[in-house]
Amino acid sequence: TITGYLNQDTMRIQPQDYTAMLQRCRQLAGGWQLALKLFHDSRNKRVINAFIVAKVISCLGGRWQKAIQLMDLCNLEGVRLDTVAYNAVITQCCQAGRWEVALEVRDRMTTELAPRIKGNRLQPQQGNSRSSVFDAYTLNPIAQAMSNQGHWEKALAIIDEFRVLTIR
């Protein structure tokens, strides 16, 4: 079992071991609780990275407040999150119908990541730093959550924003 594996003090668990266990957590009922244990274990063993954080957050099943807490804890402790980790937080917010919070995370993501990104995936338009940070995986869940709650005009605006960002 995963918990038995974690209790072995003699074995050094590598980051790739955590990601494999987290993949299994997504398939288990209540796996989000085990994912949180893996998160704290990886912190204690100082092997945590943005990929592990993203995997943990993706196990939370719409528990957006937990996702925000993990994001804040990582930032506080100096774990540098990446686009995938922020997108996982955004997805959790949107699964819970909290698209307003997801927009705040997107803005925070822009502030945190834009100074670190050298090779932009998207081409900036007229000095817009957002385009260097987020992509369709960021905006699609937000637009979907808006649409699901009847805010289709806002959803279309998000889609238009992405279209403008991707024009070269």
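Modeller: Contact here means heavy atoms within 4.5 Å. This is a predicted model.

Biologist: Which residues is Thr 19 in contact with, leaving aside its neighbours within four places in sequence?

Modeller: Phe 51, Ile 52 and Lys 55. Thr 19 itself sits in helix α2, residues 15-25.

Biologist: Why is Thr 19 called buried?

Modeller: Buried means under 20% relative accessible area. Thr 19 has 15%, so Thr 19 counts as buried.

Biologist: How much of the protein counts as buried?

Modeller: 44% of its 168 residues.

Biologist: What is the protein built from, helices or strands?

Modeller: Nine helices and zero strands. From the N terminus on, the order is α-α-α-α-α-α-α-α-α.

Biologist: Take α6. How do you know that its length fits a helix?

Modeller: The expected span is 1.5 Å times one less than the number of residues. For the 13 residues of α6 that gives 18 Å, and the end C-alpha atoms are 18 Å apart, so the two agree.

Biologist: What makes α6 mostly covered?

Modeller: Ten of its 13 residues are buried. Among them are Thr 83, Tyr 86, Ile 90 and Cys 94.

Biologist: What covers the buried residues of α6?

Modeller: The cover includes α4, α5 (64-77), α7 (99-113) and α8. Just after α6, Gly 97 takes a positive phi of about 80°.

Biologist: Now the largest pocket. What is its volume, and how many residues line it?

Modeller: The volume is about 340 Å³. The lining has 16 residues. Ser 58, Val 84, Asn 87, Ala 88 and Thr 91 lie nearest the centre.

Biologist: Which elements give two or more residues to that lining?

Modeller: α4 (50-58), α6 (83-95) and α8 (136-148). The most comes from α6, with seven residues.

Biologist: How do the lining residues divide into nonpolar, polar and charged?

Modeller: Six are nonpolar, six polar and four charged.

Biologist: What share of the contacts with a separation of 6 or more joins residues 24 or more positions apart?

Modeller: 62% of them.

Biologist: How confident is the predictor in the protein?

Modeller: pLDDT is the predictor's confidence in each residue, from 0 to 100. The average is 83, and 81% of the residues score at least 70.

Biologist: Where does pLDDT stay under 50?

Modeller: Over residues 120-131. The model still has 29 contacts for them beyond four places in sequence.

Conventions:
Residues are numbered from 1 along each chain as its sequence is written. This is a predicted model: local features need pLDDT of at least 70, side-chain atom pairs count only at pLDDT 80 or more; totals for chains, interfaces and linings use all residues. Side-chain values use heavy atoms; hydrogens and water are left out. On a 1 Å grid over the protein atoms alone, a cavity is a set of points where a 1.4 Å probe fits but cannot get out, and a pocket is an open set with protein on both sides within 12 Å along at least five of seven lines; lining residues have an atom within 4 Å of a point. Grid points are joined across faces, edges and corners, and a volume is the space filled by probe spheres set on the points. Helices (H or I, at least four residues) and strands (E, at least two) are DSSP runs, numbered from the N terminus. Ala, Val, Leu, Ile, Met, Phe, Trp, Tyr, Cys and Pro count as nonpolar, Asp, Glu, Lys and Arg as charged, and the others, Gly among them, as polar. Buried means under 20% relative accessible area, exposed over 50%, partly exposed in between (1.4 Å probe, protein chains only).
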